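Please read them with the model open.

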Amino acid sequence: QVQLVESGGGLVQPGGSLRLSCAASGSIVRFYAMGWYRQAPGKQRELVARISSDGSTNTADSVKGRFTISRENAKNTVYLQMNSLKPEDTAVYYCNANPPYDSTYNYWGQGTQVTVSS
């Protein structure tokens, strides 16, 4: 019943910015944590950034200083502000969430394509 829906992906030039949003529908709980993963062609899915309900964050070294994750707990919504984008950031970005009653269970969004190219 829970759905995570991403939006905000698209085509941008190197050095540009993009803001991704992920909104949960059909949910009556506040997630323990929400985050963003990405998967490039031929590569494994990797963590980009994650944020807990207390506001603590984990961010991949490759995007530190460029990407910022934030959330609105009451709305179970998470955002990813991406600045200074590089071609290597090109990937499908997936929203992820864990419920507080089972933090090992993963909800996944359908993914949104981010392409960085001149």
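**Notes on the sheet and the core**

1. Strand 7 and strand 8 (residues 77–82) run antiparallel, and six bridges join them. Keep in mind that this is a predicted model. Within the pair, Arg-71 has Val-78 of strand 8 as its bridge partner.

2. The link between these two strands is a turn. Strand 7 and strand 8 form a hairpin, with four residues between them. Asn-76 sits in that turn and has a positive phi of about 50 degrees.

3. Which residues of strand 7 lie on its covered face? They are Phe-67, Ile-69 and Arg-71. The uncovered face carries Thr-68, Ser-70 and Glu-72. In a regular strand, side chains alternate between the two faces of the sheet.

4. Leu-4 has Ala-24 in strand 3 as its bridge partner.

5. The largest nonpolar core has 28 residues. Which of them touch the most other members? Trp-36, Leu-80, Met-82 and Tyr-93 do. Several strands each supply at least two residues of this core, among them strand 3, strand 7 and strand 8. Strand 4 (33–39), strand 5 (46–52), strand 9 (91–98) and strand 11 (112–116) also each supply at least two.

Methods. Residues numbered from 1 in each chain as written. Predicted model: local features only at pLDDT ≥ 70, side-chain atom pairs only at ≥ 80, totals over all residues. Heavy atoms only, no water. Pairing = 2+ DSSP bridges. Buried < 20%, exposed > 50% of the residue type's maximum accessible area, 1.4 Å probe, protein only. Core = buried A, V, L, I, M, F, W, Y, C linked by side-chain atoms within 4.5 Å.
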